[in-house]
Amino acid sequence: TVAGIYVTEGQTVAAGDVLVRIEPRLADASLAAAVTESALAWASLARVEAELEGRPLQLPPTTPATVSARVSAQYTANLTAFEALRDRAQRALDEAASRRSIAEARIVELEQSLIRFRDEEQSLGELAAKGYVSRHMLLAKERERIAAEQGLVAARHERVAATASID
């Protein structure tokens, strides 16, 4: 905004004469806004670099307090969110490792049981052929073996799924 004009049209002027006086408040406000915007941009860059490098945020001491507070709050919020996400991912990994261990133990147990079930089924088959045991006993043992085989397949699938979650 022009505060005053001190020359007229056609007037002769000399070097150093005041021709116009400008109201400084608007220019000062624009300058202050530009300085704040620039400080915010530099502080935001420092925040992003600190987040990417995993180090504490350090702003220059010349950073305006309002900018420093705003950028520090964003850094803290981002760090908190990252830590929560990391913790959730770690819990998921731990759970998958636990499921895999349980599946592996179940596989060992069922593989051992299947050896015994097959031997018992074979023995019962021989006894049933000779008429010493009923066909019903043989079929019951066969169902037991089949259930163990299905459990073994399911445990192997669970181990694969848990391993995929870990990898």
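Predicted model: local features only at pLDDT ≥ 70, side-chain atom pairs only at ≥ 80, totals over all residues.

1. Helix 2 runs over residues 65-129, and its 65 residues should span 96 Å at 1.5 Å a residue. The end C-alpha atoms are 93 Å apart, which agrees with that expectation. After the helix comes Gly131, with a positive phi near 85°.

2. Which residues of helix 2 are buried? They are Val67, Val71, Tyr75, Ala96, Ala103, Ile107, Leu110, Ser113, Leu114, Phe117, Glu121 and Leu124. Their packing partners are helix 1 (24-53) and helix 3 (135-166).

3. Helix 3 passes the length check too: 32 residues at 1.5 Å each should span 46 Å, and the end C-alpha atoms lie 47 Å apart, which agrees. Buried in this helix are Leu138, Lys141, Arg145, Ala148, Leu152, Ala155 and Ala162. You will notice Lys141 and Arg145 among them. Helix 2 is part of what covers the buried residues of helix 3.

4. Do have a look at the surface patch as well. Val2, Ile5, Val13, Leu19, Val20 and Ile22 make up a nonpolar patch, with about 530 Å² of accessible area together. At least two of its residues come from strand 1 (2-5), and at least two from strand 2 (20-22).

Technical notes. Residues numbered from 1 in each chain as written. Heavy atoms only, no water. Helix = DSSP H or I, 4+ residues; strand = E, 2+ residues; numbered from the N terminus. Expected span 1.5 Å × (residues − 1). Buried < 20%, exposed > 50% of the residue type's maximum accessible area, 1.4 Å probe, protein only. Contact = heavy atoms within 4.5 Å. Patch = residues over 30% accessible without salt bridge, like charges linked within 9 Å, V, L, I, M, F, W, Y side chains within 5 Å. Areas by Shrake-Rupley, 256 points an atom, 1.4 Å probe, with all protein chains shown as cover. Salt bridge = Lys/Arg side-chain N within 4 Å of Asp/Glu carboxyl O.
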